[in-house]
Amino acid sequence: MKKALITGITGQDGAYLAAFLLKNNYQVFGSYRRSSSSNFWRLDYLKVSNHKNLSLIECDLNDQGSVLNCVKKIIPDEIYNLAAQSYVAVSFDQPYLTSMTTGLGALNILEAIRHTNKNIKFYQASSSEMFGKVLETPQNEKTPFYPRSPYGVAKVYAHWMTINYRESYDIFASNGILFNHESPIRGLEFVTRKITDSVAKIKLGLLDCLEIGNMDSKRDWGYAYDYVEGMYKILQHEKADNYVLATNKTETVRNFLTYTLDTLDFNYVFEGKNENEVCINKDNNKVICKVNKSFYRPSEVDLLKGDYSKAKKELNWEPRTDLKKLVEIMTDADYQRNKSGTVY
């Protein structure tokens, strides 16, 4: 039985990857950072918390000794580094913490592999945010990076350090450059889940109005469970490399909102432009969504669109869930949760 260590197992990707690997007969070790209250609700939601082959361990990515001890204790076959300070907006307020966890955390794992067992395969969760102010569209593995946030900068550091250790120490170290991927267990801090949860609340009479930032921002959105399968395939490939996982389609935040409203049968109309744009419920003439400039980023990433042709050719991977279906999955889940009084 193969052993896998997943850092950041309490997050969306970590939980889905744990469920996927357990299904494929792995022994899974999930690391999490000690805090006043550890939150394992995603593992509970996916019904894997009590799986006989899942073990949860404390590990602080910012502490090189802690990471080294963790890797030495487990000696996993594969390490998936999914832990990060992953909120772009927060990275502007906490650039140092973001740089340490998202950037140097990856280095600490690579060093642990180098000093423990160089046969351990390593997956680094790179991000489309590294492209930032995009220099070409669509973006692929050779597109130059131009990050527009401390989070994006930290991810670029971890990405290139992974390549450096691959080339310098012959470590099987791969980068998955994942574009936005969402699910019913996405954090409420992300605009997609904020939209589906808030619209569900409005439908149920639990909220009057949703406030969001730039509705013209364009993203390449996929389903998280499709993407963790891609992570797995990256480490099963015959050689380590870098791969873009995306849908090669881009839609605005406004479109994501309209798909959500359509799922719950709202009768609506958009009026105004830019920061004065609002969405009105035509049945009662109430404003159900408006723009709040406080949610704008200091420097915006306007257009992300990923070319996954390399992953399709070499890994036989491609996204299976289109955006409308993904929005339906997320919206239905949030509607049922809010209707039953369950809050995540």
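Modeller: Helices (H or I, at least four residues) and strands (E, at least two) are DSSP runs, numbered from the N terminus. This is a predicted model, in which local features need pLDDT of at least 70 and side-chain atom pairs count only at pLDDT 80 or more, while totals for chains, interfaces and linings use all residues. Residues are numbered from 1 along each chain as its sequence is written, and side-chain values use heavy atoms, with hydrogens and water left out.

Biologist: Does Arg-186 count as buried or exposed?

Modeller: Buried means under 20% relative accessible area, exposed over 50%, and partly exposed in between (1.4 Å probe, protein chains only). Arg-186 has 12% relative accessibility and therefore counts as buried.

Biologist: Which residues does Arg-186 touch?

Modeller: Contact means heavy atoms within 4.5 Å. Not counting residues up to four places away in sequence, Arg-186 touches Gln-12, Arg-42, His-181, Thr-192 and Arg-193. The C-alpha atoms of Arg-186 and Ile-9 are separated by 13 Å, although these residues are 177 residues apart along the chain.

Biologist: What is the strand order in the open sheet of 4 strands?

Modeller: The order is 8-15-14-13, with mixed pairing. Its edge strands, each pairing on one side only, are strand 8 (210-212) and strand 13 (268-271). Strand 8 runs parallel to strand 15 (residues 286-291), with 3 bridges between them; in strand 15, Lys-290 is the bridge partner of Glu-211.

Biologist: Which strands does helix 9 lie across?

Modeller: Axes are lines fitted to C-alpha atoms, for helices over the stretch in contact, and angles run from 0 to 180 degrees between N-to-C directions. Helix 9 (residues 253-263) lies across strand 8, strand 13, strand 14 (278-281) and strand 15, at about 160° to strand 13. Helix 7 (residues 191-203) lies across strand 8 and strand 15, at about 165° to strand 8.

Biologist: Which residues touch the most other members of the largest nonpolar core?

Modeller: A nonpolar core is a set of buried Ala, Val, Leu, Ile, Met, Phe, Trp, Tyr and Cys residues joined through side-chain atoms within 4.5 Å. Of the 63 residues in the largest one, Ile-6, Leu-21, Val-28, Tyr-80 and Tyr-123 touch the most other members. Helix 1 (residues 12-23) gives the largest share of this core, 8 residues. A second, separate core of 22 residues includes Ile-57, Leu-61, Ile-120 and Ala-173.

Biologist: Which residues of helix 11 are buried?

Modeller: They are Leu-323, Leu-326, Val-327, Met-330, Thr-331, Ala-333, Asp-334, Arg-337 and Asn-338. These residues cover an arc of only 160° around the axis, which puts them on the same side of helix 11; the arc is that of the directions from the helix axis to the C-beta atoms. On the other side of helix 11, Lys-339 and Ser-340 are exposed. Just after helix 11, Gly-341 takes a positive phi of about 85°.

Technical notes
Pairing = 2+ DSSP bridges.
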